[in-house]
Amino acid sequence: MATNNPYQSYQANAVQTASPGELTLMLYNGCLKFIKMARKAMEENNVEERHTNLLKAQKIIQELMVTLNMDYEVAKSMMTMYDYIYRRLVEANIKSDAAILDEVEGYVTEFRDTWKQVIQINRQRQYAQGGQA
């Protein structure tokens, strides 16, 4: 898929070369971006834009749910939270409720920030072991 837009080329390359951990981080960041865009659309009474962005956020949460490794106990807790976040996004869309978006944004931000720390800790361990993961 050739493109003349350098930014799109950069983005496509970033996704194709990202580690699974970095892809998860990108998903969290994307979800937060769409939540912010949906909030802005709510403020502007743009129903179509709100709906479109909340559907994108919901799809990202679904993707995070599908990729969980349920062999680990923590994944079961995360699945419960993802399910809750997903249902709240649907509710925010139906009710056009910015307060629900604030709540959900807080949870997604916590997940993203924790995930960022995990990636940093893993990188530090990798470098401490001379790059041998």
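**Entry 1: helices α2 and α3**

I began with the packing of helix α2 (residues 20-43) against helix α3 (residues 47-66) in this predicted model. Their axes lie 8 Å apart, and the angle between them is about 160°. Angles over 145 degrees count as roughly antiparallel, and α2 and α3 are therefore described in that way. I also noted the hand of the crossing of α2 and α3, which is left-handed.

I then listed the residues that make this contact. From α2 they include Thr 24, Leu 27, Tyr 28, Phe 34 and Ile 35. From α3 they include Glu 49, Arg 50, Leu 54, Ile 60 and Leu 64. Sorted by class, the contact of α2 with α3 has 14 nonpolar, 3 polar and 4 charged residues.

**Entry 2: helices α2 and α5**

I next looked up how α2 meets α5. The two axes come within 9 Å and cross at roughly 160°. That angle makes α2 roughly antiparallel to α5. The crossing of α2 and α5 is left-handed. I recorded the classes of the residues in this contact as 14 nonpolar, 4 polar and 8 charged.

**Entry 3: aromatic pairs**

How many aromatic pairs does a search of the whole structure find? It finds 3.

Tyr 82 lies in helix α4 (residues 73-95) and Phe 111 in helix α5, so the pair ties together parts that are 29 residues apart in sequence.

**Entry 4: burial of the rings**

Are Tyr 28 and Phe 111 buried or exposed? Both are buried. For Phe 111, I noted a relative accessibility of 17%. Residues under 20% count as buried, which is why Phe 111 falls in that class. Tyr 82, at 2% relative accessibility, counts as buried too.

**Entry 5: the cluster**

Finally, I put the ring pairs together. They link Tyr 28, Tyr 82 and Phe 111 into a cluster.

Definitions and conventions:
Residues are numbered from 1 along each chain as its sequence is written. This is a predicted model: local features need pLDDT of at least 70, side-chain atom pairs count only at pLDDT 80 or more; totals for chains, interfaces and linings use all residues. Side-chain values use heavy atoms; hydrogens and water are left out. Axes are lines fitted to C-alpha atoms, for helices over the stretch in contact, and angles run from 0 to 180 degrees between N-to-C directions. Helices (H or I, at least four residues) and strands (E, at least two) are DSSP runs, numbered from the N terminus. Angles under 35 degrees count as roughly parallel, over 145 as roughly antiparallel, 65 to 115 as roughly perpendicular and the rest as oblique. A crossing is left-handed if the near helix is turned anticlockwise from the far one by less than a right angle, and right-handed if clockwise. Contact means heavy atoms within 4.5 Å. Ala, Val, Leu, Ile, Met, Phe, Trp, Tyr, Cys and Pro count as nonpolar, Asp, Glu, Lys and Arg as charged, and the others, Gly among them, as polar. Rings of Phe, Tyr and Trp (its six-membered ring) pair if their centres lie within 6.5 Å; planes under 30 degrees apart count as stacked, over 60 as edge-to-face and the rest as tilted. Buried means under 20% relative accessible area, exposed over 50%, partly exposed in between (1.4 Å probe, protein chains only).
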